[in-house]
Amino acid sequence: MESAVVTQDITKQFGELTAVDKINLSIESREIFGLIGPNGAGKTTLVRMLTTVLPPTDGTARIAGFDIRHDPDHVRRSIGVVSQASTVDVELTAWENMNIYAKYYGVPTETRKERIKELLEIVGLADRAGFTVGSYSGGMKRRLELVRSLIHEPKVLFLDEPTTGLDPQARNAVLEYLRELHKRQDITIVLTTHYLEEAESLCDRLAVVDYGKVVALGTSTELKRNATGGDIVEAEVSPLPNEALEALKTSKFALEVKKRENMLTVLVKSGAEAVPRIVELVDSKGGKVRSITLRAPTLDDVFLHFTGRSIREDTYVTNKRFVSSWGAMRR
Amino acid sequence: MKGALWVCERDIRKFLRQPATMLGAVVGPFLTLILLGFAFGGAVTHAPVAVVRESYGPISTNFVDIITNQQNCVYGGVDCANAYNLIDVSDLGAAQSMLKAGAVKAVVYIPIGFDQSGANSSVVSVYLDNTDPISAAAISGLMTQAASEITAHVQITPPPDPLVTVNLDNIYREVLYIEFMAPGSLIQSIMFASIIGGGISLLFDKQRGIIEGYLVTPLKRIEIVVGVLLAGVTKAMFSATTMLILAIVFAGVRPMADIVGFVLIFFTLFLTSMGLISMMSAYAVRAPAPEVYQFTAFPINLILYFTSGAVYPIQGFPPWMRTIASINPEAYAIHALRDLMYKGAGPLAVIGDFAFLALFTGIMIILATLAFKRAL
């Protein structure tokens with residue numbers, strides 16, 4: 001059976017800027033696939049091309065066997081899309097929102113009713129179906145959008161930042177329902193996210209995108225192993241003489257040393273062996289280790305390794321942008 | 001093309017859930033009609049006029065009787081009331097001071113020797129406060145009329161010179177100023193609906209990503225365009241119909257149209273809605289920023305409204321305004337509506353207006369389609 005999504009050198013240029021640069025991906029059927037990367041890395045542009053909103057400058061992709069360039073209509077019938085911004089109509093009831101979408105997709109009247117009921121039940125909105133969406137919480141709106149995009153039984157579901165702007169509780173609920181939907185429906189899910197815990201717990205495979213390219217691809221375990229190749233030691237050192245830092249950087253057991261004020265992040269092959277040696281080395285050069293912790297690498301370390309940025313800094317920027325664009329809309 | 005219906009259905013459902021948003025399109029034109037219509041349309045009544053009488057002969061007595069009893073109205077038809085209240089003042093100087101102080105609107109001066117000088121050369125002087133041209137015109141009209149009555153009275157047959165008489169004959173029933181204004185208000189409610197229900201709701205949808213959301217569905221672009229315009233026209237027709245009912249109920253507008261006339265009235269409203277909705281939708285999706293649209297839409301409305309002949313006949317415009325009127329679709333729509341509402345005109349009388357409106361609407365639909373294609 002053909003993969004759900006296959007891209008071939010797909011490229012998008014906006015003038016001089018190459019937003020997506022010859023990406024080749026193959027996403028298997030029923031896979032949950034995550035695209036992670038800093039803001040402006042090209043994730044959303046990639047998704048917009050795959051969902052036929054933007055035509056690629058070069059290359060192409062096949063979704064559920066249909067070419068996005070030559071057969072966009074069949075692609076549209078095979079995909080569901082949940083965009084980052086909320087697009088439900090708050091003046092209408094959940095039922096009306098679902099029903100009008102079913103009409104857009106030409107879902108026959110006989111099956112429409114049953115399908116809407118079933119989907120609303122899955123995300124726990126059946127008893128609120130007759131209420132206008134304006135009375136819904138952010139999480140409920142998101143859940144409604146989730147099932148609205150499934151009304152025509154798509155093969156592939158695209159989710160752009162599905163939990164951005166939700167509080168942790170609502171986010172967890174959305175993720176739970178997403179898992180439930182995936183379990184019940186024969187569907188492939190492609191999502192972009194800023195929440196690494198979310199990507200790690202939900203996705204079968206992840207692609208780290210930066211500057212329009214896939215810089216790493218694999219399961220989260222694979223990524224962590226490939227990116228770091230060992231454990232991470234974090235040490236607070238004060239005072240921290242330059243000689244101590246230099247000695248650490250040139251030592252054989254430290255694979256990578258990063259410094260941020262008094263915090264040292266040292267990547268080592270084996271943490272247990274490295275801890276006493278770090279303390280000893282810093283001590284011999286006139287420094288003093290105030291605290292030291294050993295931990296297994298996280299996706300954040302992977303992210304830092306591949307993109308040179310911490311995703312947390314990036315998330316902060318994104319949230320701020322989200323707020324300001326919301327403000328612009330209200331004006 | 002079914003998709004267009006669903007796109008339209010969504011918009012209409014939203015609109016029905018909150019019709020108050022569209023009533024906003026009716027409130028402005030309705031208030032304008034009521035306030036402007038009643039303020040401008042009324043006859044001048046009880047304007048204070050000073051009478052300074054220095055001659056007490058039969059002719060002057062007769063003249064004063066006539067102006068005292070004059071129960072005419074300046075603007076025919078409305079309930080007749082005294083156009084002015086006469087105040088006796090003994091001294092011309094004092095009367096003129098009152099005029100300058102604004103205590104009276106005019107001074108009627110009957111000088112010494114008026115009754116002796118004979119009818120042909122007796123002169124009554126009327127001093128007018130012409131800073132209020134409307135009252136001044138009303139008073140001077142009535143004084144001239146009174147003088148002509150007295151002349152006829154004193155001139156016993158045969159008259160020395162042939163008298164020219166003007167026979168006024170209204171060929172239609174009396175049309176009040178507020179009725180004259182009403183067609184403009186109908187068109188203005190369509191324009192407001194186009195600005196709010198057409199452009200602004202489209203801007204919101206665009207900003208919220210709903211327009212882009214359409215693109216990932218199997219809806220064709222042309223279906224989206226047609227659906228959005230169709231919904232806009234429905235909303236505009238709702239506004240115009242509401243406005244028409246309000247005008248009939250509260251402004252005393254009485255359309256003199258039969259069934260065919262009403263069909264033609266609604267056809268005029270429909271053509272205008274289609275044209276203005278397309279125009280404002282095209283502008284909204286192509287405007288450089290939502291703010292630009294919001295700040296410019298209402299001035300555009302003002303220009304179209306006041307150059308359309310809605311409140312004053314185009315024949316009274318300076319040339320530059322006439323030029324604008326000649327290409328203003330609202331002017332043609334209002335002209336057609338007046339013919340249909342007050343003359344009971346048939347289709348032949350308004351065919352020229354319809355031709356212009358159809359041309360305008362056609363061009364705007366093409367523009368809207370192109371604008372959407374580029375914006376989508």
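With 23 C-beta neighbours inside 10 Å, Lys105(B) counts as buried, because the cut-off for burial is 20 or more. The model described here is predicted. Lys105(B) sits in a loop of chain B. That loop runs between helix H4 (92-101) and strand E3 (106-110). Ala95(B) lies ten residues from Lys105(B) in sequence. In space, the two are 10 Å apart, C-alpha to C-alpha.

Chain B as a whole contains 13 helices and four strands. Its radius of gyration is 28 Å, well over the 21 Å that the globule rule gives for 376 residues, so chain B is more spread out than a compact globule. The C-alpha trace of chain B spans about 95 × 45 × 35 Å along its principal axes. Buried residues make up 40% of the 376 in chain B. Among contacts in chain B with a separation of 6 or more, 83% join residues 24 or more positions apart.

Helix packing was examined next. Two packed helices are described by the angle between their axes and the distance between the axes. Helix H6 (residues 177-207) of chain B packs against helix H12 (residues 329-342) of chain B. The angle is about 130°, and the axes are 9 Å apart. H6(B) and H12(B) are therefore oblique to each other. The crossing of H6(B) with H12(B) is right-handed. On the H6(B) side, the contact is made by Glu179(B), Pro183(B), Gly184(B), Leu186(B) and Ile187(B). H12(B) supplies Glu330(B), Ala333(B), Ile334(B), Leu337(B), Arg338(B), Met341(B) and Tyr342(B). By class, this contact of H6(B) with H12(B) has eight nonpolar, one polar and three charged residues.

Chain B also touches chain A. The contact takes 19 residues from chain B and 21 residues from chain A. On the side of chain B that touches chain A, the elements giving two or more residues are helix H1 (2-17) and helix H7 (210-215) of chain B. H1(B) gives the most to this side, with seven residues. The residues of the side of chain B that touches chain A divide into six nonpolar, six polar and seven charged.

Definitions and conventions. Residues numbered from 1 in each chain as written. Chains lettered and ligands numbered in written order. Predicted model: local features only at pLDDT ≥ 70, side-chain atom pairs only at ≥ 80, totals over all residues. Contact = placed C-beta atoms within 7 Å. Nonpolar A, V, L, I, M, F, W, Y, C, P; charged D, E, K, R; others polar. Rg over C-alpha atoms; globule rule 2.2 N^0.38 Å. Buried ≥ 20, exposed ≤ 12 C-beta atoms within 10 Å, placed from the backbone. Axes fitted to C-alpha atoms, helices over the stretch in contact; angles between N-to-C directions. Parallel < 35°, antiparallel > 145°, perpendicular 65-115°, else oblique. Left-handed = near helix turned anticlockwise from the far one by under 90°.
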